[in-house]
Amino acid sequence: MKKYSYIGERVPRIDAIEKVTGAAQYAADLRLPGMLHVKLLKSPHAHARIVRIDTSEAEKLPGVRAILTGKEVPYKFGIYMQDKEVLAQEKVHHVGEPVVAVAADTEEIAERAVELIKVEYGELPPIFDVREAWKEGAPLVHERLHEYKHAPFIFPKPHTNIANHFKLRKGDVERGFKEADVILENEFYQPQVQNVQMETHTSIGQWLPNGQINIWTSAQSPFAVRHLLSAGLGVPIHKINVVVPYVGGGFGGKAGLHWEPLVVLLSKKVGGRPVKLVMTREEQFNTTAVRQGFYARIKTGVKRDGKIVAGEFLYVWDAGAYADYGVNIGRAAGYSCTGPYEIPNVKCDSLTIYTNHPYGTAYRGFGHAEFHFAVERQMDLVARAIGMDPVEFRLKNAALPGRITATGEKLREDAGRVDECINAVAEAIGWGKKGPKQVGGKLRGIGIAALWKAPAMPSFTSSSAILKLNEDGSVTLSISSTEIGQGTPTALAQMVAEELQMPIEKVKVVTKQETDFGPYSWQTVASRGLFMEGNATLNAARKLKEQVKGMAAQLLGVPEEELVVADEKVFVPGRPDKGLPLAKLATAGIFPDGRGIGGPVLGYGYYTAEGLTNLDPETGQGLPALMWTFGAQGAEVEVDPETGDVKVIKVVSAFDIGKAINPSLLEGQIYGGIVQGIGSALMEEFIFNGRGVLLNNNLTDYKICRAQDIPDELVFIPIENPQRNAPHGVRGIGEHPRISIEPAIANAIYDAIGVDLFEIPMTREKVWRALQKGRKNAAT
């Protein structure tokens, strides 16, 4: 019997050829008979009443089939907070918000029609500074917040801009500060940024006269789209079918619901013709979802021996105009607020606040990159204040198995080891070893940061999988985890091949998602896919084997427990006469006399998150985590003292991933996340004028990492402490590589220039000003 071993192997991506040859189809590639095209009239104001809309001239334009305004579609949508409008109804909430939509025979006609529409606005006072927006008396972005439906674990404050207030309380924080020898308080800031997926948001909708709604969309979560559309429109779920082809990048920005309701409602207005909306790159910046801005104030009390005794955290999230997803980001950051450290006395308030900026949503890391920047900068600052090595300080306070998190969870023995990650990075980055501080006139420094993250999701989240045995002995796996570049289908194929002990070439994974035919999965978010879909897939494979053995036992006259499934057959080891090819059992078993037994072999598996509970609304105590993934990253930077230019020359990452299912896919996730994080750290930010107009709404003016920005050396050190309830012990890793790279770079910049930075991006200009400040301080 041949032993097939695929777990831990560098199996090539099963979708690679389709993608590199251009054969893979994305939503923008789809063309349907009679399809119309959409263009949007967008608000020039950040905050204004809609006084009057005149569409009369646009209606006369040949080729215009429908014009839709907000008054015609009085719906609210949202996954955690039902606050989002299809088109602005009574007022606009940010520059770029859609006010009128036109469906026409071509994009050009629709664009011309938009130019003919006249809108009269009555301007209202806007609010842009999140630190002012949550104060009493600030202009209200949503006067009817008290009327909005929301998830039971979200706590808005009526008649304010506070969309959610998450509270966490552990121990007695005031007593902790009294016991502290040193108390340090600092503020940190991050701006809004764009997800910058390669593929812009694209949706096609068709509302047929019989009530059937069909959607083709570039979404991370087909079942969430179906559910949220049903809830918002009041249409039965079975009347909605959502198809998701390949998706050209998501990074959280295509989770939940976006432009699907708009194209569906336009289709209804034109009698059922399909309607397509493809966002331009500029609209991705101005009109679609972005990453929230962030302000933090952290106060830390510490003993002289380095033990943290108290931590007070204020996190304020700039949700922008709508907070349907943003409220849960604030919640997730709140229960993880301390970073990967045990602190006996904790107070955290995490506030998600409306402003008149573009609306925020998930972005790779789900708020953890933002607050880890603050936490890990604070860890370095506190260590310096007490004269302790920053690595030693982190290790002394590390959240290790058996220790208690801020929500009162006792970490399991198999929870992962942040100390092993920190030590591995410190060794590889050369921590404590004296190296040259200047090379060719450039200043050099190294920095370290640690991290943790658990999937942010409801406590009852579930996934399912269907595995079919085909007539030639091959198998087809159906899942509803969207392929957005992470490679989950390949890793699941490896799990199936390993479980069934068959060649991986005989395993097909369906990558096109369709809610009418595919098994249910909550969403492709939160680094949960391989953990949850993996468990469901293994359960499906085991169910398939049970069916095969049940039929074979009767056909061969042997007990089921003696049978083994491997080598594309079911057999009794050591007895060649007692075996059958899997192909002979795919549709039914057949006795020698022609009688049939059983039926088509199909394994159905599911997995529901274990051990999670609701959190106490006043204290945040409870169990929020399916798993914790721990890690650490180190950066070495080179700073030009004349220009402030920063070059990241080396990054070392260590993550306790439990088990590397496919090292090549894992490294792709790690290295891609690092480069994305470098962009956030050094160059990416939304720049507005005083009226809320985004000034850098394109990839010429908005800088992201390019080839020359990739570090000269990328080192990844896998730490493998398996988690017992995970498939093959694996933990989620998709978001984590960018969570701690920003503070690692910031700490390295301090090591190079001796001046602290408290906000990102740490652009050339900001670093140059910091250098001038350092020189001035040194002179005085």
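Mentor: Start with a definition: a residue is buried under 20% relative accessible area, exposed over 50% and partly exposed in between (1.4 Å probe, protein chains only). This is a predicted model, in which local features need pLDDT of at least 70 and side-chain atom pairs count only at pLDDT 80 or more, while totals for chains, interfaces and linings use all residues. Residues are numbered from 1 along each chain as its sequence is written, and side-chain values use heavy atoms, with hydrogens and water left out.

Trainee: Why is Glu561 called exposed?

Mentor: Its relative accessible area is 70%. The cut-off is over 50%, so Glu561 is exposed. Glu561 sits in the loop between α14 (529–556) and β24 (564–566). Helices (H or I, at least four residues) and strands (E, at least two) are DSSP runs, numbered from the N terminus.

Trainee: What makes Glu546, Glu560, Glu561 and Glu562 a patch of negative charge?

Mentor: Asp and Glu count as negative, Lys and Arg as positive; His and the chain ends are not counted. Patch residues have over 30% relative accessible area and no salt bridge; like charges are joined within 9 Å, nonpolar side chains (Val, Leu, Ile, Met, Phe, Trp, Tyr) within 5 Å. A charge is placed at CD of Glu. Glu546, Glu560, Glu561 and Glu562 gather on the surface by this rule.

Trainee: Which residues make the nonpolar surface patch?

Mentor: Leu602, Tyr604 and Tyr606 make that patch, of about 330 Å². Areas come from the Shrake-Rupley method with a 1.4 Å probe. Tyr604 belongs to strand β29 (residues 602–608). At 43%, Tyr604 is partly exposed.

Trainee: How do you know that the protein is as compact as a globular protein of its length?

Mentor: First, some context: it has 17 helices and 32 strands. Its radius of gyration is 28 Å, close to the 28 Å from the globule rule for 780 residues, so it is as compact as a globular protein of that length. The radius is taken over C-alpha atoms, and the rule is 2.2 Å times the number of residues to the power 0.38. Of the 780 residues, 64% count as buried.

Trainee: What makes Glu57 and Lys60 a salt bridge?

Mentor: The rule wants a side-chain nitrogen of Lys or Arg within 4 Å of a carboxyl oxygen of Asp or Glu. The closest N and O atoms of Glu57 and Lys60 are 3.2 Å apart, so the pair qualifies. Glu57 is partly exposed at 36%, and Lys60 is exposed at 60%. The count for the protein comes to 45 salt bridges.

Trainee: What makes Arg13, Asp15, Lys19 and Glu483 one network?

Mentor: Salt bridges that share partners join Arg13, Asp15, Lys19 and Glu483.
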